[in-house]
Amino acid sequence: MYYPYTAFIWNAVSATEGAAAQTLMTAFREAHPLSIGRPLGPGGIAYDQPGLSDVLRTYPLRDDIGVVYGRLFSRDGMAALSPDELTSDLIFAHACVDSNGRHLTLNHWGCYVAILRKPSSGQWMVLRDCSGMIPCYYAQFRCVTVIFSDVRT
């Protein structure tokens, strides 16, 4: 399943890392002008291109805590969750990061990649469902972590 996303994570306190992140993001936006940026809090932003998949969704989480790419289902039901259901759910967002992702994995199933930031510590987490249907790669460039689904990016 193809769903293009690219996220940049850096130490927001470091001017050097911030400058490197800006350089990377400028080049990325020039190469992918239709991408939508989703803030992930200090030191993080994710870009995606909604509409390229009829099946997969983008679930941006409240308070710039993170984003989930893929298709989520509730464990107690068979219907796919709409992005609006999770985007507006502050309890879900905080439960995911406060539990280090356990809330997501215990209460939902599907194919997904989640990029989460714990506001209290600034710790970043990347979770991928066990099916591995959505690609998730990472690389480092000048202390900036790049998380992406397409190696051509």
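This is a predicted model: local features need pLDDT of at least 70, side-chain atom pairs count only at pLDDT 80 or more; totals for chains, interfaces and linings use all residues.

Colleague: Which element gives the largest share of the largest nonpolar core?

Modeller: That core has 15 residues, and L61, V68, L72, L104, A114 and L116 touch the most other members. Two or more residues each come from β5 (66-74), α3 (90-98), β6 (108-118) and β7 (123-128). The largest share is 4 residues, and the element behind it is α3.

Colleague: Is C96 buried or exposed?

Modeller: Buried means under 20% relative accessible area. C96 comes in at 0%, so it counts as buried.

Colleague: How many disulfides does a search of the whole structure find?

Modeller: A disulfide is a covalent bond between the sulfur atoms of two cysteines. For this model, the search of the whole structure comes back with 0.

Colleague: R117 has no salt bridge, so which backbone oxygen does its side chain reach at 2.7 Å?

Modeller: R117 lies in strand β6 and is buried; the nearest side chain of opposite charge, D64, is 6.1 Å away, and a salt bridge needs 4 Å or less. The R117 side chain does reach the backbone oxygen of D64, at 3.2 Å. At 2.7 Å, it reaches the backbone oxygen of L40.

Terms used: Residues are numbered from 1 along each chain as its sequence is written. Side-chain values use heavy atoms; hydrogens and water are left out. A nonpolar core is a set of buried Ala, Val, Leu, Ile, Met, Phe, Trp, Tyr and Cys residues joined through side-chain atoms within 4.5 Å. Buried means under 20% relative accessible area, exposed over 50%, partly exposed in between (1.4 Å probe, protein chains only). A disulfide is a pair of cysteine sulfur atoms within 2.5 Å. Lys and Arg count as positive and Asp and Glu as negative; His and the chain ends are not counted. A polar contact is a pair of N or O atoms within 3.5 Å; within protein, one must be able to donate a hydrogen and the other to accept it, and residues adjacent in sequence count only if both atoms are side-chain atoms.
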